[in-house]
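Open the model in your viewer and keep the selection panel handy. This tour goes one selection at a time and tells you what to look for at each stop.

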Amino acid sequence: MKQRTISTTPFALQITAKVAKWALLILYLIIALLPILWLIMSSFKSEFEIISSPLAFPTSLNFVNFINAIRISGLHRFFINSFIVTAFATTLNLFFCSLAAFAVAREEWRFKSSFLIFATAMVLIPIIAFMVPYYSLITTIGLYNTIWALVAVYTAINIPISMFIITNFMTAIPHELEDSALIDGCSFWQRFSKILVPLTVPGLVTAGTFTFIGCWNEFVYAMLLTSSQEVRTVQYAVRFFNSEFRDDYGGMFAAIVLTMIPTIVIYIFMHDKIVSGVTAGAVKE
Amino acid sequence: MKKGLFVCILAVLLFVVMPAFAGGTEEAAGGEVTITWPTHWVGEQGTGPIVEKMVSEFNEANAGEIKVVLEAHPEADAAEEVIRTRLAARQTPDFFLFKLGPSTRGYYDSNLLLDLTDELKKDGWGASFNPGALGVSTINGKVKSLPMENALTPVWYNKSLFDKAGVAEFPKDMNAFWAAAEKLKAIGVVPTSQMTGGANAWTSMLWFTHFLGSYGGPNAWELGWDDPAFEKAAAIMKRLYTDGNTTLDAIGAGPGESSAHYMNERTAMFINGPWFVANIRQNAPAVYKETVLTSAPAAGDYSGHQVGWLLTSAAAANTDDPARKAAVLDFFRYITSPESSKRRSIETGSLIPVQFEINPEDNIDPLQQQFIQAGNNATFLIDGIEAVMPVNVVQEFGQALSSMVLQDLSPKEFIELMKAAGN
Amino acid sequence: MKQKKRKQKNLIWIIIFILPVLILLTTFFVYPLISLVVTSLTEWDGISPMKFVGLRNYSDLFSNPIFRLSIKNNLIWAASAAFLQVPLALLIALVLRRKPAGWKFFRSAFFLPNIISLVALAMLWRAIYNPYYGILNGLLNVLGMEHLARHWLGELNTVLPSLIVSYQIYVGYFVIILFAGSLSISDTLYEASVIDGANVLQQELYITLPAMRGFIISSETLAVAFALRQFETTFLMTAGGPANATSVMALFMQKRLAAFQNGMAAATGVLLVILGIFVMKGLQTLFGMRSDAVEDAQQ
């Protein structure tokens with residue numbers, strides 16, 4: 001790879017490209033890291049320091065916000081609930097969507113393009129429009145105030161995006177690979193599980209990451225569809241410091257920092273998977 | 001292939017039988033009535049601690065018979081959405097708080113709320129409330145909600161900044177007010193905190209209402225937008241937004257910015273209710289000590305009034321079950337009783353439209369005492385906009401105000417924008 | 001004969017494969033969507049009985065200047081996603097694809113803003129744009145451009161651009177999709193081009209971009225859909241103001257819901273979906289693709 005850039009590109013262009021490249025990367029890196037650094041910095045500040053001089057450094061490092069955040073009763077429970085909900089919803093969502101995406105991307109059938117358009121056009125709907133129908137639905141099927149209500153809703157509302165991404169990746173796989181598998185006598189299921197899924201790991205991980213983060217950060221339905229502390233998720237903890245006329249941003253930011261740690265860890269872990277997945281795919285080719 | 005089919009079926013089955021795993025809903029133990037109260041009155045600030053304490057005391061006293069379960073929704077807006085969604089789905093919460101206003105009067109027409117009219121006549125329950133507030137809660141002769149908290153929003157000013165600027169006393173009329181504003185500016189202090197942002201441009205909306213009351217008197221809102229009082233009050237607002245009479249970021253500012261400017265002594269005047277006392281006492285003790293509450297300067301014929309209205313009401317779900325109804329009424333009586341109201345008021349500084357005695361030994365915060373005095377001294381009270389206008393009009397106040405300032409519209413054009421919002 | 005039997009058998013498999021998604025979509029999208037359409041034909045405060053009013057909500061909406069402004073702003077948002085956000089993401093993805101030093105770190109870092117709570121991000125941006133303590137004005141002062149310093153979120157001609165610029169912090173979302181997509185391009189394509197004497201720019205233009213066409217189109221579609229339905233950023237930063245200058249359809253809908261105008265809110269939602277379908281179709285025409293032709297292009 002390195003060889004080809006050196007061999008055929010004029011020197012001046014190389015230098016310009018290099019400068020432009022690093023300028024772009026570093027500028028965007030600053031923009032991308034600023035929020036998280038600010039968030040961490042602010043979580044050491046007092047409520048008043050945050051609203052009166054939000055960009056200033058904390059006058060003293062106080063850990064009281066973190067202590068308050070950890071003290072929220074049942075914090076570990078919220079984490080466990082969030083993990084269960086997110087893990088189930090992400091797994092189910094990925095499994096169902098990859099099945100459907102396989103049928104759309106690799107098979108010929110009537111209504112298939114209508115099905116794809118139908119599935120993906122739902123991306124457009126602002127989900128707050130559905131509060132009343134979802135509440136009625138969940139109470140009718142008896143899932144109200146259970147984590148399964150959240151699993152069901154999160155699995156469903158992330159379908160459009162996941163379908164979109166996975167279908168895209170599955171479509172991009174050359175047909176020759178599958179044809180040879182057909183000759184080898186692979187069944188429908190084996191074509192899916194042995195050939196397409198391993199080759200589209202980057203797509204699955206991408207969709208999975210988005211679903212995971214979407215579930216972890218969802219707040220509106222988490223509050224609408226649950227009522228007791230036993231089934232609440234971490235987003236409740238993030239809002240714990242708000243009250244009618246006063247928002248304690250210090251406590252809130254400390255809670256956000258704590259609840260973000262799992263997403264960052266999982267995100268980095270999942271993305272290493274992308275790389276190994278791609279390498280595996282390349283070897284087969 | 002068999003394996004594949006199996007995995008598929010298993011996944012679908014898992015999804016279908018999920019309700020079977022559902023373990024959240026608890027069955028009430030024999031005879032005990034459970035009342036769930038989804039509320040934003042929770043958490044460690046404001047009304048949360050005292051309400052939690054009172055509910056647990058009630059549960060203890062009624063052990064085995066009634067159990068009130070607080071369902072925590074710390075964010076007030078989110079709590080409102082949840083309650084509204086449940087009402088729309090015809091699943092009224094057992095007990096809940098809401099804002100009674102033109103947009104929510106429809107609650108009374110439905111059959112979903114418990115009718116309290118006859119109950120209030122028993123044992124002097126109705127007589128314990130402030131008659132004005134109870135009157136607001138009576139629609140077509142029916143009472144289906146009870147007043148829980150009043151808003152009172154006098155003008156706050158920083159005495160030491162006024163002294164530094166050489167303004168000996170708070171201006172009584174508008175000439176004196178603008179003169180004081182110039183003196184404040186001369187020492188580098190911005191006269192007023194204003195904001196057009198947030199859900200309802202809170203601080204500026206209250207300034208406007210003070211001046212509206214001064215021009216139009218106690219029933220100013222009923223005069224309608226075409227009355228000159230509205231245009232005149234709007235003209236003052238426009239001037240407050242120009243010539244450095246408010247902060248540079250007032251257009252688009254939210255409650256955070258507008259109150260922070262006052263607490264930082266960047267501004268000398270501000271408007272808010274008693275709920276802000278704890279915040280300023282904790283975060284800006286110096287400003288807290290220098291704060292004096294007053295009524296707005298007289299702009300028109302009326303003066304000495306305050307802006308105050310019924311802020312929060314409570315209602316219960318209608319029920320045919322006599323045991324449940326009795327339990328809900330028990331709790332309703334308990335939470336609105338003079339004792340409970342007094343405890344809540346002393347703890348949080350809220351003004352509660354229930355009659356109770358305050359003794360010197362109750363040790364009330366000085367700024368809270370100023371609130372009580374401001375309420376008692378007021379020549380009359382004028383409602384805040386949210387009590388008299390539907391939400392779609394309230395939402396447009398900040399937008400119309402910023403239009404007037406940014407596009408240099410006349411006060412009359414501002415009024416036209418507000419009228420259009422109501423259509 | 002054997003062929004036909006295989007096809008029939010495949011059909012059963014296809015049905016099994018799409019069934020879960022179909023059930024979930026029907027339950028969680030079709031049913032609510034129908035109820036949305038029905039509600040849009042009524043006047044309903046969320047508690048009194050629904051009153052059927054025909055298409056009145058729709059005609060009211062089109063005669064409302066704030067709603068018309070919201071449509072215009074929605075189109076500006078959509079254009080910013082299509083012509084600013086995704087191209088920027090593509091550029092970054094192409095740079096990362098060549099695996100410069102620290103590319104793994106960059107890739108992870110760029111995605112971070114997508115994890116952070118919207119409330120916190122909005123507060124940060126409001127602080128950056130603030131005329132008293134904002135970094136932006138501070139930076140302009142340091143650079144000797146004091147005359148450009150202003151109240152970014154409080155002036156009619158800067159507020160919408162300021163919002164759209166702040167939204168570009170989410171570019172990382174599409175960097176991830178495009179970067180992952182670019183990895184599926186076979187290296188053999190490049191080997192041939194090196195022999196032909198192509199330079200980096202030519203390689204990207206004639207090999208990478210055409211090969212990534214499907215991913216670019218799907219990123220464009222997703223980005224435009226997100227931009228059309230976004231209201232959280234607007235709500236938290238300006239609440240649609242000042243003077244409604246930043247109002248968008250989804251925020252308009254949220255405000256109607258808050259004002260107990262459920263029928264009007266539903267009609268706004270329906271119009272948003274319709275507008276979105278038109279914009280997406282337009283986008284596909286622009287890229288010379290029919291939705292079902294994605295596959296053909298890949299082959």
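**Stop 1: chain B as a whole.** Keep in mind that this is a predicted model. Select chain B and show its C-alpha trace, which spans about 80 × 65 × 45 Å along its principal axes. Colour by secondary structure and you will find 20 helices and 12 strands. Of the 423 residues in chain B, 50% count as buried. If you draw the contacts in chain B between residues at least 6 apart in sequence, 76% of them join residues at least 24 apart.

**Stop 2: confidence.** Now colour chain B by pLDDT. The mean is 89, and 93% of the residues reach 70 or more. Which elements of chain B have the lowest and the highest mean pLDDT? The lowest belongs to helix H2(B), residues 18-21, at 47, and the highest to strand E8(B), residues 190-192, at 97. Next, select residues 19-28 of chain B: pLDDT stays under 50 there, and the model has 16 contacts beyond four places in sequence for this stretch.

**Stop 3: a covered strand.** Select strand E9(B), residues 267-271. Five of its five residues are buried, so the strand is mostly covered.

**Stop 4: helix H4(B).** Select residues 76-88 of chain B. This helix has 13 residues and reaches 18 Å from its first C-alpha to its last, close to the 18 Å expected at 1.5 Å a residue. Its buried residues are Ala79(B), Glu81(B), Val82(B), Ile83(B), Arg84(B), Thr85(B), Arg86(B), Leu87(B) and Ala88(B). What covers these buried residues? From chain A, the cover includes helix H7 (131-140) and helix H13 (220-224); from chain B, it includes strand E1 (33-39) and strand E3 (95-98). Step just past the end of H4(B) to Arg90(B), which takes a positive phi of about 65 degrees.

**Stop 5: where chain B meets chain C.** Show both chains and select the residues in contact: 30 of chain B with 24 of chain C. On the chain B side, helix H1 (2-16), H4, helix H5 (106-109) and helix H19 (391-406) each supply at least two residues. H19(B) provides the largest share, eight residues. Coloured by class, the chain B side shows 13 nonpolar, 14 polar and three charged residues.

**Stop 6: an enclosed helix in chain C.** Select helix H8(C), residues 172-182. Because 11 of its 11 residues are buried, H8(C) is largely enclosed by the rest of the structure. Among them are Tyr173(C), Phe174(C), Ile176(C), Leu178(C) and Phe179(C), along with Gly172(C) and Gly181(C).

**Stop 7: where chain C meets chain A.** Finally, select the contacts between these two chains, where 76 residues of chain C touch 76 residues of chain A. Helix H1(C), residues 2-40, gives the most to the chain C side, with 17 residues. By class, that side divides into 53 nonpolar, 19 polar and four charged residues.

Methods: Residues are numbered from 1 along each chain as its sequence is written. Chains are lettered from A and ligands numbered from 1 in the order in which they are written. This is a predicted model: local features need pLDDT of at least 70, side-chain atom pairs count only at pLDDT 80 or more; totals for chains, interfaces and linings use all residues. Helices (H or I, at least four residues) and strands (E, at least two) are DSSP runs, numbered from the N terminus. The expected span of a helix is 1.5 Å times one less than its number of residues. A residue is buried if 20 or more other C-beta atoms lie within 10 Å of its own, exposed if 12 or fewer, and partly exposed in between; C-beta atoms are placed from the backbone. Two residues are in contact if their C-beta atoms, placed from the backbone, lie within 7 Å. Ala, Val, Leu, Ile, Met, Phe, Trp, Tyr, Cys and Pro count as nonpolar, Asp, Glu, Lys and Arg as charged, and the others, Gly among them, as polar. pLDDT is the predictor's confidence in each residue, from 0 to 100.
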